[in-house]
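Please have a look at the model on the screen, and I will then take you through two parts of it.

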Amino acid sequence: MRRIWKQMSHFRSRFQSVSRFTSNVKGRSLAVAIGFVGLSVAAACGASQNAAPQGASPQRAETKWKFDGQAAWDSLVKQVAFGPRVPGTPPQEKCKEYLLEELRKGCDDAHIQELSHRWAFTNKVVPIYNVIGTQNWKDAKVRVVLLAHWDSRPFADGPNSPLSYRTKPYPYKPIPGANDGASGVAVLLELAKALKGRHPDVGILYLLDDGEDLGPDMSEMLLGVDYFAKNMPSPKPDYGILLDMIGKKDMVVGEEIESLKYAEKLTKAFFANAKEVGLGKTFPDQEADDIEDDHWPLIQRGVPTLDLIDFRYDQWHTQDDTPAHCSKESLVATGIALESFLLRTPYFKP
Ligand SMILES: [Zn+2]
């Protein structure tokens, strides 16, 4: 994913039907960026697995969060240990099997949605695997898709990489993808186990999507979710929550601009709940960046989707995107924010 103002021309053509492009997008993002710096410094992850809901109803006070932060951390480390999960490589095949096996533990069923893509960089066809699991999908009163990409960027073209790595044509320098890839997936795998059998009214579909970061250009990114959105399950999701780069140390996830624009009710409800369960420092209800990300294809297909992301990551798209720059506390905060939100009574409906 990238900040929108860097890719304006691309998205004018790719997402023409969304008339969001105004001349002030760039300026607004920059203004938000400047305002956010102080906040990042001041904030810290305040969650623990025993965090008690504050000001909660008696019913909610009894809730014990089951999200297993250590298991999520172990999963992040394990995914990275496979090597960069680049489509068409052995680590992709191995990690796919691992994800399917883990997702099966928490879900009613899990399967692979496979597509193929001719990658311009090698002119070879590579497989793209979405790993999908569901809980209580058919009988639910409201349905949510929770998603995170599991592939690793084949190019280290981030602003803090060596100049030769970010000079076109980019050399093949795949990134470890600890935060950008493994973090969101780790949370979803453990969330599925924590939530199993506990939400009779809510159907959940876990989408671990592939080909989000292939590129190098946006025309070859968001591939897995784009396919999913065009081949939506029936019944289709009522809303979505995307996890991307939610593992860095001292994480602060603000309200992403496109989420506010196209999923405002959801965004406000999620951040209000986070505050209520004591996670307001990690999830402050303040505007953050404007990101082109996996939530867009879903929004385009009528599924309001929230993007949870802390884009202020110095190791973004560098070969330093390793577990050393991530923290278990950030995974825990995200896991509990989601677990508590999805178990709310009454349940959220857009
Ligand atoms: Zn990325």
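I will begin with a pair of helices and then turn to a sheet.

What you see is a predicted model, in which local features need pLDDT of at least 70, side-chain atom pairs count only at pLDDT 80 or more, and totals for chains, interfaces and linings use all residues. Residues are numbered from 1 along each chain as its sequence is written.

Two packed helices are described by the angle between their axes and the distance between the axes. Helices here are DSSP runs of H or I with at least four residues, and strands are runs of E with at least two, numbered from the N terminus. Helix H6, residues 178-195, packs against helix H11, residues 328-342, at an angle of about 40°, and their axes are 10 Å apart. The axes are lines fitted to C-alpha atoms, for helices over the stretch in contact, and angles run from 0 to 180 degrees between N-to-C directions. H6 and H11 are therefore oblique to each other, since angles under 35 degrees count as roughly parallel, over 145 as roughly antiparallel, 65 to 115 as roughly perpendicular and the rest as oblique.

Now to the sheet, which is open and has six strands in the order E2-E3-E5-E4-E6-E8, with mixed pairing; two strands pair if DSSP finds at least two bridges between them. Its edge strands, E2 (109-119) and E8 (305-309), each pair on one side only. Neighbouring strands of this sheet are turned by 20° against each other on average, direction ignored. E2 pairs with E3, residues 124-135, in the antiparallel sense over 11 bridges, and Ser-116 has Pro-127 in E3 as its bridge partner.
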